[in-house]
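The sequence and the structure come before the discussion.

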Amino acid sequence: MATPNSTMLKFSILLIILLAFQTSVGEVVVTIFNTLVVPPHPSNMTVHCKSQDDDLGFHTLQYTDYYEFSFKPNFIRTTLFFCSFTWPGNPHRHYLDIYDAQHDTCEKCTWNINLNGGCLNDHKCGPWKSIDLMDADPPTI
């Protein structure tokens, strides 16, 4: 049977390990650049980013403008931020996982968004994760 002192020692060691993991996770800065060109012209876009816990709201970006946010991923590596992208003349909402702690290791994650999807730090490019048709008529209240 464990004595109260040995139980307290084990608890203290566990707490120190958990705090070490928490402090070892650095801040992540995500920057999203609008590089969207809808032929033949550059286009504005609206970005809406969320995580399970945070809704960062809607942000309209002119061509070459950027939106930036930062956060500390949780130590169990389940942090996920995803964003939707819309632009004039297109009835669809386009989605990307902008940061997934299971796969992303960047602390400065810079995205260039284009017509086909996005490029992370200019080398990891991919298509839209999903595309949904937006409601033509907003609900009436």
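## Pairing of E10 and E11

In this predicted model, strand E10, which covers residues 117-120, pairs with E11 in the antiparallel sense, and the pairing runs over 4 bridges. Within this pairing, Gly-117 stands opposite Pro-127, a residue of E11.

## The sheet around this pair

The two strands belong to an open sheet of 5 strands, whose order is E6-E1-E9-E10-E11 and whose pairing is mixed. Strand E6 (66-71) and strand E11 (124-127) stand at the edges of the sheet, and because each has a single partner strand, one side of each is left without a neighbour in the sheet. On average, and with direction ignored, neighbouring strands of this sheet are turned by 20° against each other.

## Disulfides of the chain

A search of the whole structure finds 3 disulfides. When the bonded cysteines are counted along the chain, the disulfides follow the pattern 1-2, 3-4, 5-6. A disulfide is a covalent bond between the sulfur atoms of two cysteines.

## Cys-49 and Cys-83

The sulfur atoms of Cys-49 and Cys-83 are 2.0 Å apart, and the two residues form a disulfide; this link is right-handed, with 105° about the S-S bond. Cys-49 lies in strand E4 (residues 45-50) and Cys-83 in strand E7 (residues 80-86), so the pair ties together parts that are 34 residues apart in sequence. Both Cys-49 and Cys-83 are buried.

## Cys-106 and Cys-109

Cys-106 and Cys-109 form a disulfide in which the sulfur atoms are 1.9 Å apart. The link of Cys-106 and Cys-109 is right-handed, with 100° about the S-S bond, and Cys-106 is buried, as is Cys-109.

## Cys-119 and Cys-125

A further disulfide joins Cys-119 to Cys-125, with an S to S distance of 2.0 Å, and the link of these two cysteines is right-handed, with 110° about the S-S bond. Cys-119 has a relative accessible area of 14%, and because buried means under 20% relative accessible area, Cys-119 counts as buried.

Strand E10 consists of residues 117-120 and strand E11 of residues 124-127, while the disulfide itself joins Cys-119 to Cys-125.

Notes. Residues numbered from 1 in each chain as written. Predicted model: local features only at pLDDT ≥ 70, side-chain atom pairs only at ≥ 80, totals over all residues. Heavy atoms only, no water. Pairing = 2+ DSSP bridges. Axes fitted to C-alpha atoms, helices over the stretch in contact; angles between N-to-C directions. Disulfide = S-S within 2.5 Å. Buried < 20%, exposed > 50% of the residue type's maximum accessible area, 1.4 Å probe, protein only.
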